[in-house]
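Visitor: Could you walk me through this one? I'd like to ask about charged pairs and about helix packing.
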Amino acid sequence: HDLSDDADYAQQSPSIMDSGKKSSSSIVYLKDNVTIHPTQFASERISGRLKLIKQGSSLFMTWIPYKGQSTNAKLSEKDRNLYTIRAVPFADVRSIRRHTPALGWQYIIVVLSFGLAFPPLYFYNGGVREFLATVKQHVLLMRSAEDANVFLVNDFQNPLQRTLSSLELPRAVSIASVPSPVSVGESSSQQNEERTDVSASVPQYNGRQRQKGHDPARDISIQVLEKFSLVTKFARETTSQLFRETNGFGPLERRNSNQSALDYSKSSEYKEDVPVQSPVDPDPLEFDKLSLVWGKPRQPPLGLEEWATFLDSEGRVVDPKALRKRIFYGGVEHKFRKEVWAILLGYHSYESTYAEREYQKSIKKTEYETIKNQWQSISPEQAKRFTKFRERKGLIEKDVVRTDRSLSFYDGDDNPNVNLLRDILLTYSFYNFDLGYCQGMSDLLSPILFVMEDESESFWCFVALMERLGPNFNRDQNGMHSQLFALSKLVELLDRPLHKYFEQNDCLNYFFCFRWILIQFKRELEYEQTMRLWEVLWTHYLSEHLHLYVCVAILKRYRGKIMGEQMDFDTLLKFINELSGQIELDAILRDAEALCICAGENGAACIPPGTVPSLPVDLFYSDD
């Protein structure tokens, strides 16, 4: 696992500065435009300069935000100093995780030996290889046997390596005796900037536990991480999730090393003119099961007690955005989905009270009965002369007896719930006579009736859903084509090698995703998973077109198999249909969230205006 055999990292990394100008220290690596993502919003990225500095036999890492940059304008000088990663010794680093996602933004995550991790550091102009090559020149860097993207630092489990490392005798270096490394041309006034003291700490081995005394280096690192955790909670949750999933890397030992008082932040190093960030070319050798690290872990479903905290004393939703966010990350417990779905779909407004919702139910029930009576009153003689009615009625009756019959709710002969499915769909064909009924509508209605358990309320919730998804069933199929076109553009943006493969194999129409989009993955997932996915999609929390990012996430999960087996369109269509019941919903939702955040405004630009589903329409209530 040594990197000496890895051609990517065997190259030499040139020093940025002549080490002869400072005998005590030298900058061995420098990279501009290295960025952290404090939140999911691109406008809040913080860019800075990353350095590796050699001090005696020790290697240190620093990262300091730029001054005067537009994305950093909101940072006060105090915050900028607190964000700065100052003089982290590699003796305190356990591992470095490298990632090169297909969309091209490389990043690393540095994990410290006491369990904490810095937020991901993104290299928008490349430089990860050179960074690792430089680190390898100065410390022992080995690939993890468990994950090829993880590089262990100073992992002396090999007896020979441990013996060689013991030749570097530990030295305690006092703060006063260490000259601060200052770049050529920096003024004396800049040398008077506030410094961070990092005292020497000598670890001990040979069966003895490391000294548990006060470790300023550790304290400084924790201060930095605590600051990030307060203001950049998004990145903190990301890294903790990532390393929970990797199950750790086992016990690691550290060699004796020097820890000096170093502070390499100099105001003159930060220029107002920062080079323009540009993504690098995508890496076609992406792993099949790509876990995009800033997709947040899923939460437990929203429970009844927590649901009550979102309502005031009269039943109004106090903070709709917070509620939608909570449902987005965890879904809803089934026992009160009925109440929540009616609000998510727009049947009830977020501002409605308990009393207003009950009143609306009674009004809409009367209206439903009126519409239903229109087709129930058609006599057999009339039906003989009403071809459209006979055709739709016949198609509905054929479909409902084949819809979810494995579910106990619809199982058995003469099941009254199957009859309710038929009645609601026939009533809808009269409510929206232009659209009528098309195959697939019964799949969309089935979970709604299962949750609502009321004919009238199920009808009106179905009406609200069809206001969003109705164009999927238009005869000209413009609704479906616009979504497939948008999906094609998103794959081109987020995974160019896969898009190119589809282009070369005449798969750019994306018809193999037709069923996914038409009935919202209803036949790809278990029934409970379908309901959970739908309520996540209905929140419109990140995007009203999150279902398209779900499509991209699934394709990226299986891209290795698709491209490796050289699937043509027919083989691909068969493979996609056979994925039914095999999709890991939580993992796909995390990836879809990450892809949506990654794509940002570029992703939104890929989706033509008016693409299904449109935002909810106020069908049932007015502002008054």
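This is a predicted model: local features need pLDDT of at least 70, side-chain atom pairs count only at pLDDT 80 or more; totals for chains, interfaces and linings use all residues.

Visitor: How many salt bridges does the structure hold?
Guide: The structure holds 30 salt bridges, a salt bridge being a side-chain nitrogen of Lys or Arg within 4 Å of a carboxyl oxygen of Asp or Glu.

Visitor: Which residue does R337 meet in a salt bridge?
Guide: The side chain of R337 meets that of E535, at 2.9 Å from N to O. R337 lies in helix α9 (residues 337–344) and E535 in helix α19 (residues 527–538), so the pair ties together parts that are 198 residues apart in sequence. Helices here are DSSP runs of H or I with at least four residues, numbered from the N terminus.

Visitor: Is R337 buried or exposed?
Guide: R337 is buried, with a relative accessible area of 0%, and E535 is also buried at 0%. Buried means under 20% relative accessible area, exposed means over 50%, and partly exposed lies in between, with a 1.4 Å probe and protein chains only.

Visitor: And what about E333, which residue is its partner?
Guide: E333 forms a salt bridge with K335, their closest N and O atoms being 3.8 Å apart. E333 is partly exposed at 28%, whereas K335 is exposed at 66%.

Visitor: Which residues are linked in a network of salt bridges?
Guide: A network of salt bridges links K372, R422, D423 and E455.

Visitor: Switching to helices, what span should α16 have?
Guide: Helix α16 (residues 478–494) has 17 residues and should therefore span 24 Å, which agrees with the 24 Å between its end C-alpha atoms. The expected span is 1.5 Å times one less than the number of residues.

Visitor: What do its buried residues pack against?
Guide: The buried residues of α16, among them M480, L484, L487 and V491, pack against α17 (496–504), α18 (514–518), α20 (546–557) and α23 (585–605), where contact means heavy atoms within 4.5 Å.

Visitor: Where does A587 lie?
Guide: A587 lies in helix α23 and counts as buried at 8% relative accessibility. Its C-alpha atom is separated by 9.0 Å from that of A553, which is 34 residues away along the chain.

Conventions
Residues are numbered from 1 along each chain as its sequence is written. Side-chain values use heavy atoms; hydrogens and water are left out. Helices (H or I, at least four residues) and strands (E, at least two) are DSSP runs, numbered from the N terminus.
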